[in-house]
Amino acid sequence: MSSEKIWANSADSHFVEPETLFDDALPPSLAARMPKSEKFEGYEILTIDGKQFRRNMPKPNPGTQDMREMIDARAPGANDPQLRLKDLDNEGIWTELTFPSIGIWTSSIEDPVLVKAGVQALNDWAHEYIAGASPRLLPTASVPMLSIEDAVAEVERTAALGFRAAFLPTGTPASVKQYHYDDWEPLWAALEAARMVAAFHIGTEPRSADVPAGVVFRGPGGAILNHSVNTFGGQTCVMQLVASGALDRHPNLKVLVSEGGATWGPAVGDRMNEAFRQHAMYVRRPLSKSPKEFIYDQVYASFQHDESAVAAMQYMGWQNVVWGSDYPHLEGTFGHTQETLHGLFDGVPEQVRRRITIDAFNEMFPGIEEPPEG
Ligand code: MN
């Protein structure tokens, strides 16, 4: 392993909100119903507007898939911008796209009034506290998904504040249409017009009370099964946007799938092309080019550790493979970022490394600052 410092941007990071965020910003009747976490010995209880989910904590079982664990003591900058920038310098991470932590659960709220107010509070906090701290921190804007009109309004409001990406859950709430329906057309148009990236973060499907967070399988192999199947939601969102023609109608809309790996792009594209070609007689929504071309032209995907992701760019020609640290999460690279980056890129041509660590990210967010040399 060479000792050169590899700088990388991260298309998948998280910021931990202060516990008092919603109490400070909302009337008590709404604040009390926003997502909150209570920690106990070995587990936590997540409460979202009266729905409760019990989740195991990572200490007794470090393999447990989870979106927002390991955040209390592990990474000093999880909720402090200045400590965070020190962590980023040490790790070799330059600019980060940050997703919420407790805020990812706004997708499970079922009251449109509550989600609209809660998401505005979350975005105002992110604008002031994260974006205001450094141009190296790019927060995603959360979107109220229970009303397409509200979603469009919040995209336009946050675009005016300077947000560069909107965080979208990898599944729509049960009360609205799925992403491949034309009902969502105004949202795609608003994102495209605002030059905001549609950033899907895996594992953020709305949860109902009978489906615990992140737990699909129990029994033998459950931890590995749950972490592994968690990735498919992001791929499905991309398939919906491609097959329905949304990306065809919005050629300047860029889509990112964060944390779900990046080797899938070529394989999903091939699978969709097979249907497009060989089931052409059943395809009712014409597309101006093949599904795989839409993925290659407009879809980006981030990975942390996957050895095969580099090959998706280097040997399969998908230029939109981007790296992400998933700081400060358990699945992420905090504490071993340089080891990870050297393991991925030592011996790999400079232009491949440069594309995956810096340039593909900069293509989504033009005009951001370059990292220091070496
Ligand atoms: Mn993540």
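This is a predicted model: local features need pLDDT of at least 70, side-chain atom pairs count only at pLDDT 80 or more; totals for chains, interfaces and linings use all residues.
1. Residues are numbered from 1 along each chain as its sequence is written, and side-chain values use heavy atoms, with hydrogens and water left out.

2. The manganese ion is coordinated by Asp12 (OD), His14 (NE2), His201 (NE2), Glu259 (OE) and Asp326 (OD), at 2.0 to 2.2 Å. Donors here are N, O and S atoms within 2.8 Å of the metal (3.2 Å for Na, K and Ca), and since water is not among the atoms, sites may look incomplete. Along the sequence, the donor residues follow the spacing D-x1-H-x186-H-x57-E-x66-D. Asp12 belongs to strand E1 (residues 8-14) and Glu259 to the loop between strand E10 (255-258) and helix H10 (264-278), so this pair ties together parts that are 247 residues apart in sequence. Helices (H or I, at least four residues) and strands (E, at least two) are DSSP runs, numbered from the N terminus.

3. Both Asp12 and Glu259 are buried, where buried means under 20% relative accessible area, exposed over 50%, and partly exposed in between (1.4 Å probe, protein chains only). Pro112, in helix H4 (residues 112-131), is instead partly exposed, with a relative accessible area of 36%. Pro112 lies 8.1 Å from Met145, C-alpha to C-alpha, although the two are 33 residues apart in sequence. Leaving aside residues up to four places away in sequence, Pro112 touches Leu146 and Asp150, contact meaning heavy atoms within 4.5 Å.

4. Helix H5 (residues 148-161) and helix H6 (residues 185-194) pack at an angle of about 5°, with their axes 9 Å apart; axes are lines fitted to C-alpha atoms, for helices over the stretch in contact, and angles run from 0 to 180 degrees between N-to-C directions. H5 and H6 are therefore roughly parallel, given that angles under 35 degrees count as roughly parallel, over 145 as roughly antiparallel, 65 to 115 as roughly perpendicular and the rest as oblique. Among the contacting residues are Ile148 and Val152 of H5, and Leu187 and Leu191 of H6.

5. Helix H12 (residues 307-314) packs against helix H14 (residues 350-364) at about 110°, with the axes 10 Å apart, which makes H12 roughly perpendicular to H14. Val310, Met313 and Gln314 in H12 meet Val352, Arg355 and Ile356 in H14.
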